Amino acid sequence: MRDSSFFTKVVHHKADQTAAVHSKATPIYQTSAFTFKDLDDLEKYYEGETSYLYSRERNPNPEELAEGVAALEEGSAGVAAASGMAAIFAGILSVVKPGDHIVAAEDVYGGTHNLLSHELPSLGIEVTLTSFRDQKSIKGEIRPNTKLLYSESVTNPFLRVEDMTVLQEIAGKNDLKIMIDNTFATPYLLRPLQQGADLVVHSATKYLGGHSDATAGVLTGERELVEKARRKIVSLGSNLSPFEAWLTYRGTKTLGIRMEKQSRNAQALADAMQRNADVGKVYYPKNVSAEGNGAIVTIALNKSIDMNTFYRTLGWIKIVPSLAGVETTVSVPSRTSHRALSDKDKERFGIDDHIVRVSVGIESSDDISAQLEQAIEASK
């Protein structure tokens, strides 16, 4: 199991106290701006002697979150943003500019797929989405203007585990940067920066926050790239609010114990679903890390299952277009996260209404399996 130092680090990544009043929890700096005693005091900000002027630029709460995630990922710097997509966008823009080219995995989250296939090309950035299952397909898409390889450590929704050794080799030979979305794995399971990635991004809305009550993103990695991304976040106004940052950072303190429990529960659910004759296929990775294989299980129900009945009879398991809270939930990728994909792409990837992504919570593993099994039985 994970070395006990991880469980200590998520609670105590920052030992120093900077506030004049030494509260046990960091105060919420719910302010749009900071004050100064006089002109000399104001000038100290621009000379780098004081840190805070205006919360769109810097605020103690988002910085605490970013520093905490950077410590867990073992990155040299971090920056928080208003959402995972904002962090992804800023991270990409720290590497590429109009005229540059990105090679990205085709099986990424639907929102990222839309950003890569529609938004970035409208800004003059070329993007090729291809299969990352075969290194030949990656190498075949490298161009003279290629600058970045983009993928997810564990993909959404079919849970393919990225081969970082292959990406590192390709990037090294072609002078490319690597950016990895580590949302599903979290630093509890994987640390892509230690496997050759230059940037790692999180939808902190998910496991880092862990309680489905805040929307946030965090980017960490090489300091030079992170600082470029920070300037993009400031200029685009995609900064994270103090209260959202405070909530998310509070959530990170239980990341270790949540992921430990949720990963065990997910393994139990995957095993139970494998034994169910009405489940055509179970997507659950193996050998992700010594600490487990993650907390998401995706199942393909047989076509004989009536999906409306299935969802109506799930009891306390809610349909949620997100993941990673402490409650077990299900989502419908074809109707939510991957809705924007063309029908052709959905068919090619195998995403239809019978694909169910289960975000496994911290309840009793037996209760989780029983709840899904009774809904499947009722839906025949």
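Mentor: Contact here means heavy atoms within 4.5 Å. Helices (H or I, at least four residues) and strands (E, at least two) are DSSP runs, numbered from the N terminus. The model is predicted, so local features need pLDDT of at least 70 and side-chain atom pairs count only at pLDDT 80 or more, while totals for chains, interfaces and linings use all residues. Residues are numbered from 1 along each chain as its sequence is written, and side-chain values use heavy atoms, with hydrogens and water left out.

The sheet is open and mixed, with seven strands in the order β1-β7-β6-β5-β4-β2-β3; two strands count as paired if DSSP finds at least two bridges between them. β1 (77-81) and β3 (126-130) are the edge strands, and each has a single partner, so one side of each lacks a neighbour in the sheet. On average, neighbouring strands are turned by 20° against each other, direction ignored. Axes are lines fitted to C-alpha atoms, for helices over the stretch in contact, and angles run from 0 to 180 degrees between N-to-C directions.

β4 pairs in the parallel sense with β2 over four bridges, and H101 has T146 of β4 as its bridge partner. With β5, β4 also pairs in the parallel sense, over five bridges; S151 stands opposite I180 of β5.

Two helices lie across the strands. α5 (residues 110-122) lies across β2, β3 and β4, at about 140° to β3.

α4 also meets α9 (residues 223-236): their axes come within 8 Å and cross at roughly 125°. The two helices are therefore oblique to each other, given that angles under 35 degrees count as roughly parallel, over 145 as roughly antiparallel, 65 to 115 as roughly perpendicular and the rest as oblique. F89, A90, G91 and L93 of α4 make this contact with A229, K232, I233 and L236 of α9.
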